[in-house]
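This report describes selected strand pairings, aromatic pairs and side-chain contacts in one protein model. The structure is shown first, and the description follows.

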Amino acid sequence: MEDAFDSMILVSGPSFVRSGLKEQAFGDDVVMFVNSGGCEIQGKDCRIKFQGDAHFLGGDVIETNEIIAESGGHPLLYQSARYGDFRYMFDNLVPGDYFVDLHFAEIVNTNGPKGIRVFDIFVQEEKILSSFDIYAIVGANKPLQLVDIRVSVLHNQGVLIRFEGLRGSPTVSGICIRKAPVSTAAMINPELHLCTKCATEIEASPIQKKLQSRIVVQYEKKIQELTHECKMKSDECYEAWMSLTDANQKLQNVTMELDNMIFQNETLERAVGREMEKFKDVSDKYKKDKKLWSSTINNLEKKIKAIKEDHMQLSQEAHDCANSIPNLNSMITAIQALVAQSEDLKVKYNEEMGKRKRLFNQLQESKGNIRVFCRCRPLSKEEISSGCHAIIDFDAAKDGEIGTVAGGTTKKSFKFDRVYTPKDNQADVYADASPFVTSVLDGYNVCIFAYGQTGTGKTFTMEGTENNRGVNYRTLEELFKIAVERKDTISYSISVSVLEVYNEQIRDLLATSPSNKKLEVRQAAEGFHHVPGMVEAKVENMKEAWNVLQSGSNARAVGSNNVNEHSSRSHCMLCIMVRAKNLMNGECTKSKLWLVDLAGSERLTRTDVQGERLKEAQNINRSLSALGDVISALASKSNHIPYRNSKLTHLLQDSLGGDSKALMFVQISPSDNDMGETVSSLTFASRVRGVELGLAKRQVDTVEQQKMKQMLDKVRQESRTKDESLRKFEENCQHLENKLKEKEQQCRMLQEKNKDVASQLNSNAEIQSQLDRKQCQLMEKLNGKEEESMMLRQKIKDMEQRLKERQQIESVSLQEKVEELELKLNVQSHSEIAAKEKVKELECQLKESLQFQLTLEQKVKELESKLREHKESDSILILHSADRSRIGTPAEAKGSSSDESTSDTDPGILRSSTSINRLMTGRVSILHRGISPSGIKRKGEREHRISVLADDTENHSAFSTNSVDNKTEPMEINRSRKLDQAKTYGRITRTSKVVATHKLFPHSRIKKDQQTGVGVKEKNKVRGWAR
């Protein structure tokens, strides 16, 4: 298996490490370490630092919290990974050689199987790993390292690592780049081989190259076939695993259906049980009711008999009365007419009772009371988050009562004309205030003002928002609407002014330029109060009026405090002047409508303001205190009303002085934090509600007013007389009706009792029949449900049996498939192992052949060196013989000795020369076949070995190709030793001449291709004589 996993690596050098990164693995050669899919990590050692995921293109991030076994000292490195089709590009690296280490861990497919994630890895677009499967090597949640991937980086070049998925998505947990040491193998030419003995570079022969290429091609084909078979087997395994998962899914679905059917059966059984219990209860009740009704029927029969006897007596008395009274028929008709008239009076009375509440409100209005409406805002998000709770009780809000709750009990209650809960909207609020608006068009002065602490919604009630308008906007809209409806009879002229009371100073908010002139309240000759110099903007429609309101609202003074971020720091007062003229009778009226948004009332201790804000708060509280003093004086009906204590009360003198209608909105907060302010506001509002301003006056001429008073007195007198006559008539009718009703009531009661008894009997009979039918239906349903449950149980048993059989069959088939696949995988692994063993044997044979060739070449080199040394020794011997030939015999003896020597020694010399020539030609042919030119250039070694190998020159003659020459050469040498001195001297002289012609010296070099046969013969002669 180890060899199978190592076969995934396509290059030499890298290797797998089946453990995590350890502290000892870090050195000074680390350039960078990227934590793929994770963030920056600091190791235990200060040198160790993992960078966050960077330098990537594509892919996604996945993390796990499971423990990684054998993760070394850095488990966090393997708990995150980048997966998908992605690549890493590391730029800005110094040119040189680097080692790349890749760290993996299978943290997604922790249950396998093998082959579910297979991918290739390319480094510098060269495939490094093929069909890489993490789960097959180490399993799930275990680390795996691929180390020592050597990469060369050139100038302006980076390191590119690409991951390509074959099945599933590739993944990587970490990438480490280290500096690599300079390799000596990089300097060796791949086409040359190193000698095992002398470490020289030897060029491989073409035959060896062809043999190596063929072997490589064969092994590549075998590897491709094996990888293809491996892919096929892995695909089969994947298909088997998918079929197994499908079968498991189907089994789960069937079991879920079975559970659902069992659950439905149980629910049906429970429902039937409940129905049976209900039926038993109903039957018991029916029995009890039957007994009760039987007893009541007996009692009613007795009562009916007694009533009939009474009826007979009454009828007899009635006949006696009819006989005694002769004018009874006329009296009966008169009584019937009175009864019909009384019925009409009852209808009218009911209508009048429906109008009672409205009349009461009108009565309060006629008294001149200030109407008070209470509105509560909802709790804000900040108050809810801080744990505040509501203290307002709205149970009696419909009746106009509101209470404050403390500790779960109602502490105090208040009565108002109308109470609005937080659920009521702006339309509900304006619906109750709209009658005051129509009164302005009828010629009455009206004042509507909002009172309450800061942050309770006064400005929201009066102004509202763009999408939820308040009283001001709706009032103007209603005014223009009614004015359009009455344009045929009455013409209206409407103008608007916007003021504010800020720090007890009146400011005109519609003034285009600021003015130092103070605005004061003055009383006109007609008796009403006004502000000279105030801007009155005449408006014709709603758009113009709203623009005026917006400009005035934007100029209002606001500020921030602890209670409200945008608190109103002044009293905003909107004055609408309406001038009307009746086109029918020429009557003219002039009325005012004040819409006042008072500043917030709060205690200085809560607002926590200083400086200018403190001064504003003091003036606000002073003006509101003055308003309270006015209300107290009005409530106590004091002779002196302190209107002039404040600019606010002075402006509102006409509205609070008895000539107008007034409406007050008291705004409160439901939070328990504002308990004191809420109770204070409610108490003040209760005081205001008790103020009677008197009957409101219409602003018309005095002549018309007198006429109207006279007409009103006449109408009142007539109504009084009519009321008295009507009262007398009602008393007579009531007396007669009472007498008639007493008799009719008894008959009706008896008839109704009879009808009730009969209807009850009929209903009881119907109920009994319905119960019988329901009982039969329930019994039938119960039987049907029992049959269905039996069928379902039988089906469940059949399905369980089928499931068991199917599971057994599928499990057996899957086990067989798994065994077949395991056998195939084992056979494939054995074949791969055998193929690898064959490859190793062939590699060993190839290495042995190469070593043998290298040894032969080495021997050839040694022979060449020895031959050269022998040549040099021969040249030295020749020189010595030439020196001896100078001391020779006379010239007469030279001729005969030379002839004899040539005739005696020529055969031996020729033999020696041929043997030497054969040896030289053999060595030359060997050099041409197997020795590279680089192996001949070692001069230093040859010169060093000349002295060592000089004694072995005679033994090199054994390498000649002819063995006969080796035997004859000693014989020739012996023969030459037996010659006489005269012949020897002659021969020496002859050889010396030949040597002189060829110029042989100790350090001269003679090439092999330039040596002739004569020169070889002469050398052989000299060698023979020298011996």
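## Aromatic pairs and strand pairing

Tyr238 has a relative accessible area of 29% and is therefore partly exposed. This value, like the others below, comes from a predicted model. Trp241, at a relative accessible area of 28%, is partly exposed as well. Both residues belong to helix H3 (residues 206-324), where Tyr238 and Trp241 are 3 residues apart, about one turn of the helix.

The structure holds 15 aromatic pairs. One of them joins Phe104 and Phe132, which is edge-to-face because the ring planes meet at 65 degrees, with the centres 4.9 Å apart. This pair links distant parts of the chain, since Phe104 lies in strand S9 (residues 96-105) and Phe132 in strand S11 (residues 126-132), 28 residues apart. Phe104 and Phe132 are both buried. Tyr238 and Trp241 form a tilted pair, with 6.1 Å from centre to centre and 35 degrees between the planes.

The following table lists two cases.

| Charged residue | Ring | Distance from charged end to ring centre |
|---|---|---|
| Arg162 | Phe122 | 4.2 Å |
| Lys661 | Tyr444 | 4.6 Å |

In both rows the charged end sits over the ring, Arg162 over Phe122 and Lys661 over Tyr444.

Strand S31 (residues 571-582) is mostly covered, with 10 of its 12 residues buried. Strand S31 pairs with strand S24 (residues 490-502) in the antiparallel sense over 12 bridges, and Tyr492 stands opposite Ala580 of S31. Strand S31 also pairs with S32 in the antiparallel sense, over 10 bridges. In that pairing, Lys581 stands opposite Cys588 in S32. S31 and S32 form a hairpin with 5 residues between them, and Gly586 in the turn has a positive phi of about 80 degrees.

Which strand holds Asp597? Asp597 lies in strand S32 (residues 588-597). Asp597 counts as buried because its relative accessibility is 3%, against a cut-off of under 20%. The side chain of Asp597 makes a polar contact, at 2.8 Å, with the side chain of Thr459. Beyond residues up to four places away in sequence, Asp597 touches Ala450, Lys458, Thr459, Met462, Arg556, Ser570, His571 and Cys572.

How values were computed
Residues numbered from 1 in each chain as written. Predicted model: local features only at pLDDT ≥ 70, side-chain atom pairs only at ≥ 80, totals over all residues. Heavy atoms only, no water. Helix = DSSP H or I, 4+ residues; strand = E, 2+ residues; numbered from the N terminus. Buried < 20%, exposed > 50% of the residue type's maximum accessible area, 1.4 Å probe, protein only. Polar contact = N/O pair within 3.5 Å; in protein donor to acceptor, adjacent residues only side chain to side chain. Contact = heavy atoms within 4.5 Å. Phe/Tyr/Trp six-rings, centres within 6.5 Å; stacked < 30°, edge-to-face > 60°. Lys NZ or Arg CZ within 6 Å of the ring centre and 35° of its normal. Pairing = 2+ DSSP bridges.
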